[in-house]
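Have a look at the model first, then try each task before reading its solution.

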Amino acid sequence: MYQRQGKTAFKKDLTNTLALAKHLKNPHERFKSVHVAGTNGKGSTSHMLASILQEAGYMVGLYTSPHLKDFRERIKINGEPIGEQQVIDFIEGNRVFLEEHALSFFEMTVGLAFDYFAEQRVDIAIVEVGLGGRLDSTNIITPLVSVITNIGYDHTQFLGETLAEIASEKAGIIKDEVPVVIGEQQEEIEHVFFDIALEKNTTVAFAEEDVVNYEMDVVGSYQQKNLTTAIRTITELQRLGFMIEEDHIIEGLKHVVRNTGLLGRWQLLDTHPLTICDTAHNKEGLSYVMQQLSEQRYEELHIVLGVVNDKNLETILPLFPKEATYYFCRPNIPRGLEAKNLQDQAGAFGLLGKTYSSVNHALLSAQDAANQEDLIFIGGSTFVVAEVV
């Protein structure tokens, strides 16, 4: 499982996925879809789209990754996770094939999701890319709309060292005559999208050019970019015949969390002291979240921080405020970076604090130290947040 052990679990090839799809009688060809890629915001954007479509009365599949508490979070229909028995039945029914082809965790999960969506006859599925795009296991679908939220430096060991190289990998989800929505306009890589769109005989729309204003239950000023991306995508679906009214958009955005079960995005865990967690874990995502954090009111700031061991700390540690007390910890996965190692590297950037034996120990210590007017922030990794939500 890539999320737990890192690149040794990553398969940069579609051969297994295509073989599994054929074995399952190509379930991905039996439902409509929207494909969502990008460095940051693809999860939030996917959940916004699903919520709006649910309010419009559609039966909506939602495939996202990673999960926080329960594997079944990855595969939902109208906000309800796939049943435990359905997961068991899929594995038992296909065990021989899965073992003979040595499929990865992610490949099996994509097959399970697509098989489930086809079996349940969803009206449309929102499918989030796992990593990259071109060679991601989800990239066997031909969607109604391809969405790329933004491009940043993450997973460079797989996707390339430059923004243009990373953009090219993510633009690999662009299909013939399928319209493309780009969340953020980044001049230095625009040509990548235009070149591939020209080759695929399709159009590119930049959502950032739009001005939209809706009330959302997904909190955080940084969600505005994801909002504009979702709305432009909805516009494309309306053009393709989906009956989505303004009221559906308004209600869908007000009830993203209720409708889809979204967790970990500027999530409020407590009010006294104010306790917030967020799954942002790369430079671009953390830049937005740290800006949001700087806009909060509090007396003292306490940060529970843990990361994975392949993270480029020199790009993310300078983003964190020095005027805070840090509680360094290791997320409980094989990829987790040792707390002492994180403390040493953070100290070089003026981020000071103690180490703790677990995420929960760190949080309890922060809660003991904080007064009612302080703020506790928990983050640095999806897997740190998973242990506290």
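How many salt bridges does the structure hold? Start with the ground rules: this is a predicted model, where local features need pLDDT of at least 70 and side-chain atom pairs count only at pLDDT 80 or more, while totals for chains, interfaces and linings use all residues. Residues are numbered from 1 along each chain as its sequence is written, and side-chain values use heavy atoms, with hydrogens and water left out. Next, the criterion: a side-chain nitrogen of Lys or Arg must sit within 4 Å of a carboxyl oxygen of Asp or Glu. The structure holds 11 of these.

**Exercise 1.** Work out what the salt bridge between arginine 232 and aspartate 210 ties together.

Step 1: the two side chains meet at 2.7 Å, N to O.
Step 2: arginine 232 lies in helix α9 (residues 223-239) and aspartate 210 in the loop between β8 and α9, so the pair links parts that are 22 residues apart in sequence. (Helices, H or I, of at least four residues and strands, E, of at least two are DSSP runs, numbered from the N terminus.)
Step 3: arginine 232 counts as buried because its relative accessibility is 19%, whereas aspartate 210, at 21%, is partly exposed. (Buried means under 20% relative accessible area, exposed over 50%, partly exposed in between, with a 1.4 Å probe and protein chains only.)

**Exercise 2.** Classify the two partners of the arginine 330 and glutamate 338 salt bridge as buried, partly exposed or exposed.

Step 1: their side chains meet at 3.3 Å, N to O.
Step 2: arginine 330 has 25% relative accessibility, so it counts as partly exposed.
Step 3: glutamate 338, at 49%, counts as partly exposed too.
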